[in-house]
Amino acid sequence: MAGRRRGRGSNVQQQQTPRNQRGGSRRALREPAAFAKSTGCESEVPHEKLTLAQARRGTPVHRPVRVYADGIFDLFHSGHARALMQAKNVFPNTYLIVGVCSDELTHKFKGYTVMTEDERYEALRHCRYVDEVVRDAPWTLSAEFLRKHKIDFVAHDDIPYTSAGSHDVYKHIKEAGMFVATQRTEGISTSDLITRIVRDYDIYVRRNLQRGYTARELNVGFINEKKYRLQEQVDKMKETVRTVEEKSKHFVYRVEEKSQDLIHKWEEKSREFIGNFLELFGPDGAWHAIQERSGRMLQALSPYSSPRGSPSSSPTRRRSVSPDSASASASPSSLSPPSSPSSPKKTTRSSLKAASTLSEHVQ
């Protein structure tokens, strides 16, 4: 009976464990991770030592595998988050505990931090992969600390961590078979971020001066403050000049494009005008033909006249001279010039008018 009851109880635990895990994950997404108690883990479930093979199989089912990862986590970035993600997913059922060292230990063994210890604690609490945060974590893990928090495995990158007079502070953890390795994220680290800020110090000082920080808050002297202000004005002027240059280049380009278009149109129109002119006034043009026709008409309409002083050679105009006509021609009235029905000027004008009328009809 007792065995059966224990079996039923274990089945209930097996059925409730996924629910608790799901509920815990929902709480982790809605609320920050809890801080570890100073007394350590107070679970009623007996803590048995696990091997890597057992943990990778997901056993035992009555409790998750407790994995510990520690660090400074200054300027918490994606490299930290990826390392914690690997630690959280190293086993099928993992409870991730993250230890954060205090300012005192960090300044003693590693160096000055940008963020305070409280800021670093809060940054870790709001990481989705973290289930519990241990404040003021030890620099070197002792057997007592591991028993206190019932830690099964310790996750960290496999590179030997030389510190506090030790070649590798995780050496005894590796020898005990409790170490699981994670991979570092290349290209980003807290030191890299600080190096970027130090390298571009002037840029960030000017940036914060623009955003309203005082020179005293930035620990900048009076002369440097004026220098940064002047540099900012110079940069603004350069940007204005650059903008004007770009606009002027665009304007010149548009003017050139328009001028090329106008020149092209002018060339087309000039070719068309020259072609029309040659077609009208060329040797084979219409105007030449009109002039020829007008000349012919003028010649046809003008009276026939022979040159002065030249005897008439036309046989049709020769007439026999009678004695009466000779006497008449000898009379005084015959000496006066013959009167024509119209004067030569009027004849010429009428012929010109007729020629112009004809040319208009021809056109």
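In this predicted model, the second largest pocket has a volume of about 860 Å³. Its lining comprises 36 residues, and Ile72, His80, Lys110, His156 and Arg184 are those that lie nearest the centre of the pocket. Classified by residue type, the lining of this pocket contains 17 nonpolar, 14 polar and 5 charged residues. Several secondary-structure elements contribute to this lining: strand 2 (65-71), helix 3, strand 5 (153-157) and helix 8 (190-199) each provide at least two residues. The greatest contribution is made by helix 3, which supplies 4 residues.

Phe73 is situated in the loop that runs between strand 2 and helix 3, two elements that also take part in lining the second largest pocket. The relative accessible area of Phe73 is 7%, and this residue therefore counts as buried, the cut-off being under 20%. Apart from residues up to four places away in sequence, Phe73 touches His80, Leu84, Val98, Gly99, Val100, Arg120 and Leu124. Among these partners, His80 is also one of the residues nearest the centre of the second largest pocket.

Considered as a whole, the chain contains 13 helices and 6 strands. Of its 363 residues, 27% count as buried. The chain exposes about 26,700 Å², of which 54% is supplied by carbon and sulfur atoms. Where contacts link residues at least 6 apart in sequence, 71% of them join residues at least 24 apart.

The mean pLDDT of the chain is 78, with 72% of the residues reaching 70 or more. Over residues 1-28 the pLDDT is below 50, and this stretch has 4 contacts in the model beyond near neighbours in sequence. A pLDDT below 50 also applies over residues 325-345, a stretch for which the model shows 4 contacts beyond near neighbours in sequence.

Conventions: Residues are numbered from 1 along each chain as its sequence is written. This is a predicted model: local features need pLDDT of at least 70, side-chain atom pairs count only at pLDDT 80 or more; totals for chains, interfaces and linings use all residues. Side-chain values use heavy atoms; hydrogens and water are left out. On a 1 Å grid over the protein atoms alone, a cavity is a set of points where a 1.4 Å probe fits but cannot get out, and a pocket is an open set with protein on both sides within 12 Å along at least five of seven lines; lining residues have an atom within 4 Å of a point. Grid points are joined across faces, edges and corners, and a volume is the space filled by probe spheres set on the points. Ala, Val, Leu, Ile, Met, Phe, Trp, Tyr, Cys and Pro count as nonpolar, Asp, Glu, Lys and Arg as charged, and the others, Gly among them, as polar. Buried means under 20% relative accessible area, exposed over 50%, partly exposed in between (1.4 Å probe, protein chains only). Contact means heavy atoms within 4.5 Å. Accessible areas come from the Shrake-Rupley method with a 1.4 Å probe; for residues, only the protein chains shown count as cover. pLDDT is the predictor's confidence in each residue, from 0 to 100.
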